[in-house]
Amino acid sequence: MALIRCSECTGQISDRAIICPHCGFPVRDGNISTSTPRKARKRRPNGSGTVVKLSGKRRNPFQVRVNTRIDADGYPAYDVIGCFPDRVSAGIALAEYNKAPYDPNDRKKLFSDVFTSWYQWKYKAALDAPGAKTSSQNCMVAAYRKCPSLHGMAMWDIRAQDMQDILDRTDLSHAMLEHVRNLFRQMYRYAVQFELVAKDYSQYTKITKEDDDAQGVPFTREELSLLWQHKDIPFVDTVLIYCYSGWRINELARMPLDGIDLEERTFTGGLKNRYSRNRTVPIHSAIYGMVSQRLDARFKSLIYHDGSRTISEQTYRQCFNAALQSCSIQTAHTPHDCRHTFNMLLDIAGVDRVARYKLMGHKGQDINENVYTHKDLGQLRAAVESIKTGHEC
């Protein structure tokens with residue numbers, strides 16, 4: 001309690017008095033004010049949004065709303081930018097929105113929704129469209145299925161660690177992890193372009209697992225000799241074709257038949273990256289007869305058929321293993337070991353590194369090898385023909 005002076009008689013009275021006890025002047029209704037009037041909050045411009053305090057006990061009670069459209073009745077309708085713990089942070093969020101407006105619904109899109117729209121944008125076809133898919137499409141779909149923990153998350157909320165947790169999985173092969181990281185990078189380039197995320201977090205991820213492709217076991221000289229001795233056994237010819245051409249299993253198995261030119265004696269195709277795609281590998285003279293014999297217009301693949309019917313990749317792998325056993329080869333080999341064998345044979349033959357990179361579809365070690373060193377078809381053919389075959393192994 002404090003003493004104040006009456007404006008009528010200047011007598012001292014209590015600041016809680018209703019009337020002056022000296023002269024009866026009404027203090028509460030007069031000119032005396034005991035508190036500073038509350039300053040009204042400044043009104044925001046029309047259409048710039050608002051901050052609303054929600055009722056009840058909430059962790060984030062201050063909701064930011066912006067008018068983005070007109071409803072069916074002609075009244076303004078609002079979208080919610082988000083909810084915040086205090087009015088200051090809510091005001092900052094609203095100011096950032098007004099500085100660079102965006103569609104609030106874009107920040108709510110799930111990873112699965114962005115994948116569907118990205119797939120449509122990249123391949124010009126719906127995810128569930130009927131018909132055969134390309135190798136790239138199948139790889140991206142397979143990679144997406146390995147990320148179930150992200151499917152239900154908003155793309156805006158995903159961070160590098162969320163993706164890194166998937167890339168650290170020990171149950172996935174290195175090849176699959178490469179597809180998964182490639183999917184992340186392509187989706188984020190799309191999301192940044194269409195402002196679905198603030199930044200590209202995929203650039204901070206990495207594959208920590210050792211590259212298991214480097215663990216291939218090339219065929220030995222003795223094993224190659226056994227293959228040549230039993231080349232008439234079913235599917236042994238395909239093993240030799242792979243060993244003396246260096247293609248990845250599906251690069252050759254899914255190569256369009258018009259990519260195999262018997263007149264020019266070349267294969268043209270490739271998958272995986274720009275160094276592998278559209279590369280030309282001469283057909284070694286030792287396997288030319290096998291290639292021409294297997295090339296059959298009744299089948300779409302040079303490899304995936306047994307002469308009477310088309311077979312699947314899984315069936316081919318079984319035939320591959322059976323062919324090796326028929327040749328008395330006891331070491332466990334995969335079709336990818338044939339690619340290691342081709343590289344080994346080139347190295348033994350003294351083929352220079354640049355030619356090996358061109359034939360294998362690998363990136364060179366520097367700009368000189370990548371850009372400024374060129375190899376024509378004649379030079380590549382000479383490199384392939386330098387490989388010894390048959391009894392020479």
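A nonpolar core is a set of buried Ala, Val, Leu, Ile, Met, Phe, Trp, Tyr and Cys residues joined through side-chain atoms within 4.5 Å. The close-up views below are taken from a predicted model.

**View 1. The largest nonpolar core of the chain has 47 residues.** Among these residues, F219, L227, Y244, L252, F267 and Y316 touch the most other members of the core. Two or more residues come from each of the helices α7 (221-229), α8, α9 (249-253), α10 (285-294), α11, α12 (335-348), α13 (353-360) and α15 (377-385), and α8 makes the greatest contribution, with six residues. Apart from this core lies another one, of 31 residues, which includes V114, L167, V180 and L196.

**View 2. Helix α8 (residues 236-243) packs against helix α11 (residues 313-326).** The two axes are 9 Å apart and meet at an angle of about 95 degrees, which means that α8 is roughly perpendicular to α11. On the α8 side the residues involved are V236, T238, V239 and Y242, and these meet Y316, F320, A323 and L324 of α11. Seven of the residues in this contact are nonpolar and one is polar, while none is charged. With neighbours within four places in sequence left aside, Y316 is in contact with F235, T238, V239, Y242, I249, I303, Y304, I311 and P335.

View 3. When residues up to four places away in sequence are not counted, D237 touches K231, M290 and R294.

**View 4. Helix α2 (residues 111-123) packs against helix α6 (residues 174-193).** Here the axes lie 10 Å apart at an angle of about 85 degrees, so α2 is roughly perpendicular to α6. From α2 the contact draws on F111, V114, F115, S117, W118, W121 and K122, and from α6 on L183, F184, Q186, M187, Y190 and Q193. By residue class, the contact of α2 with α6 comprises nine nonpolar residues, three polar residues and one charged residue.

**View 5. D86 lies in the loop between strand β5 (76-84) and helix α1 (87-99).** With a relative accessible area of 32%, D86 is classed as partly exposed. Although D86 and F62 are separated by 24 residues in sequence, their C-alpha atoms are 6.1 Å apart in space.

**View 6. E195 and N278 are shown for their backbone phi angles.** E195, in the loop between α6 and α7, has a positive phi of about 60 degrees although it is not a glycine. E195 is exposed, its relative accessible area being 55%. N278, which is placed in the loop between β7 (266-269) and β8 (279-282), is likewise not a glycine and has a positive phi of about 55 degrees. The relative accessibility of N278 is 68%, and N278 therefore counts as exposed, that class covering values over 50%.

**View 7. The whole chain, for orientation, has 15 helices and eight strands.** Of its 393 residues, 39% are buried. Among contacts between residues at least 6 apart in sequence, 54% join residues that are at least 24 apart. The chain exposes about 22800 Å², of which carbon and sulfur atoms supply 49%.

Technical notes: Residues numbered from 1 in each chain as written. Predicted model: local features only at pLDDT ≥ 70, side-chain atom pairs only at ≥ 80, totals over all residues. Heavy atoms only, no water. Helix = DSSP H or I, 4+ residues; strand = E, 2+ residues; numbered from the N terminus. Buried < 20%, exposed > 50% of the residue type's maximum accessible area, 1.4 Å probe, protein only. Contact = heavy atoms within 4.5 Å. Areas by Shrake-Rupley, 256 points an atom, 1.4 Å probe, with all protein chains shown as cover. Axes fitted to C-alpha atoms, helices over the stretch in contact; angles between N-to-C directions. Parallel < 35°, antiparallel > 145°, perpendicular 65-115°, else oblique. Nonpolar A, V, L, I, M, F, W, Y, C, P; charged D, E, K, R; others polar.
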